[in-house]
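Hello,

Here is the structure I promised to pass on. Please open it first; my notes follow below.

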Amino acid sequence: MIDVFVAPFSSNAFMGNALLAGLLVSLACGIVGSFVVLRGLAFIGDALAHGVLPGVAVAVLLGLPGMLGAAAGSLAMIAGISLVTKKSTLSSDTAIGLLFVGMLALGVAIVSRSRAFSGDLVRILFGEILGISGAEILIQAGATVAIAATAFLCYRPFLLLCFNPEQADVSGFPSRLYHAIMLALIALTVVVSFRTVGTLLVFGMLLAPAATAALFARKISVMIALSSLVGAASVYLGLLASYHFDLAAGASVTLVATIVFFAALAASRLSPLSGGAR
Amino acid sequence: MSAAREVPALSARGLSIGYANEIVVEGIDFELPPGNTLALVGSNGSGKTTLLKTAASLLSPLSGEISVLGSRPGAFPARVAYLGQFQPSGFTLPLRAIDVVRMARFASLGLTRRAKPEDERIVREAMETMGVLDLADLSLRTLSGGQRQRIFIAQAMARGADLILLDEPASNLDSSSRETYRGVLREACASGRSAVIATHDVEEAAGCDYTMLLARKVVAFGRSEAVLTAATLLSTFGVVARPERGGILVLEHEHGHDCLDPEHEGP
């Protein structure tokens, strides 16, 4: 019986690597996703996740690493959003929406001009968790450590930013600076996770575990820990389902995370612990 | 605290305040001696919040000078507390009441310094004086608007600041909580701290040492008992009224003459 739960990972190097990479994604997404949910940055998270597409497409065309293209795409998104909000009276939502569709359309336009993308496009959008190499896991581990260290160091200003940006400013933590750091963490998470779960599905991993944790946590530090745990469990169960039922691995992981959220939502309506875990 | 006594808590000279494309109030000149309270009184849009935000370094002065505890606004985050009129999203967060009050200590702790028992004592003392210590462990999102407001006031007090800036802090409070808050403020000022409070409430202003009446200009500034007269209130609000048999009796308004001796109609 135990073989059903362990053997897929112990006897198959691809699955072992996938589990490791997925756990790193769940840790990074658990930390960053908590702040995305708390600050209501889901839209910009979604836009960043999709906005990297043209960057990745150009990188593939030029034979450069996809991660480099994803990083360039994220930077272009953030710069574009900042430019529109600074130079106009439009809300940031409008700026994000404009950049979001613009970058996505550009990505699709680039991809449509070349036949070389037939297989790559699926990998870009949905990841290739079973094809993760040791070097990519190392990069992801480095990025996850950097994300965790930055979030730990900036925990107080991030908390104030979530609570009230004015309180961050008057406490000596410039809200613009820490907002920019938060955006950079979202971008870094998207960039290093897209190989694993893809640009479409990384957004699910950013949101679903953190939203699940938000249903029960009464402290933000608990929410981050719970979110990472839910993400890790989703990765394990998703990969297991993918192995046994021959499903797409990245999609299975995100699907499990989403199902867990709805199950938790139902449980939270019944449980006296709703909004109460410490 | 002794250093704070040597310089005004808040002062301005030829100060113009507002937003990028709009001057809200110009030509502001005043000085608030340390250990005193100042009420900013005026109707909506008169410039109260703009002046508070400028003192809190949330807005830059458009011209002129403003000095907070002898320096530029924002120079001493740990010595200035600010409670805004709105808490945009704080009440939806997974936070306990005590976590909110603990945030007050972040300005002095910075990014990495660990909180000491003294910090925790200050936090609990602020909650106790505002009567919210029994709510410490409760989730902020389960509390009523008035309970939250008392917690936010406790947060402002827990900063241990020399200058406390409060924007309509009593608007959500019942009469008992209002008395508690006023007592806390009196005690803070008795210990040498200063406070600036934006309010519509003339009675609250009468309890402060100084009052500035604002109507997109400085109508009057000085000791409250001297400033709060029917004539200045008329210039500020365009109307002077008093409670009368369960209703409000309008004594005078800018375009009418139904005045009952405004010289004697202070608050």
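In chain B, 65% of the contacts with a separation of 6 or more are between residues 24 or more positions apart. Please keep in mind that this is a predicted model. Chain B has 267 residues, and 47% of them count as buried. Its secondary structure comes to 10 helices and 11 strands.

Start with strand E7 of chain B, residues 194-199. How many of its six residues are buried? Six of the six are, so to speak a fully covered strand by the burial count. Ser194(B), Val196(B) and Ala198(B) point one way from E7(B). Ala195(B), Ile197(B) and Thr199(B) point the other way. In a regular strand, side chains alternate between the two faces of the sheet. Both sets in E7(B) are buried.

E7(B) has strand partners to look at. Strand E3 of chain B, residues 37-41, pairs with E7(B) in the parallel sense, over five bridges. There, Leu38(B) stands opposite Val196(B). Strand E6 of chain B, residues 163-167, also pairs with E7(B) in the parallel sense, again over five bridges. Here the bridge partner of Leu166(B) is Ile197(B) in E7(B). Note the link from E6(B) to E7(B) as well. With helix H7 of chain B, residues 175-190, the two strands make a β-α-β unit. Which hand does the unit have? It is right-handed.

Next, the open sheet in chain B. Three strands form it, in the order E2-E1-E4, and the pairing is antiparallel. Strand E2 (22-32) and strand E4 (63-68) of chain B stand at the edges. Each has a single partner strand, so one side of each is left without a neighbour in the sheet. From one strand to the next, the twist averages 35°. Strand E1 of chain B, residues 10-19, is joined to E4(B) by five bridges, and the two run antiparallel. One of the pairs is Ser11(B) with its bridge partner Ser67(B) in E4(B). Helix H2 of chain B, residues 48-55, packs on this sheet. H2(B) touches E1, E2 and E4 of chain B. The direction of H2(B) makes about 115° with that of E1(B).

Last, the chain interface. Here 23 residues of chain A are in contact with 22 residues of chain B. Which elements of chain A give two or more residues to the side that touches chain B? They are helix H9 (155-163), helix H10 (165-170) and helix H12 (220-245) of chain A. The largest share, five residues, comes from H9(A). This side of chain A divides into 11 nonpolar, seven polar and five charged residues.

Best wishes

Key: Residues numbered from 1 in each chain as written. Chains lettered and ligands numbered in written order. Predicted model: local features only at pLDDT ≥ 70, side-chain atom pairs only at ≥ 80, totals over all residues. Contact = placed C-beta atoms within 7 Å. Helix = DSSP H or I, 4+ residues; strand = E, 2+ residues; numbered from the N terminus. Nonpolar A, V, L, I, M, F, W, Y, C, P; charged D, E, K, R; others polar. Buried ≥ 20, exposed ≤ 12 C-beta atoms within 10 Å, placed from the backbone. Pairing = 2+ DSSP bridges. Right-handed = clockwise from strand over helix to strand, strands pointing away. Axes fitted to C-alpha atoms, helices over the stretch in contact; angles between N-to-C directions.
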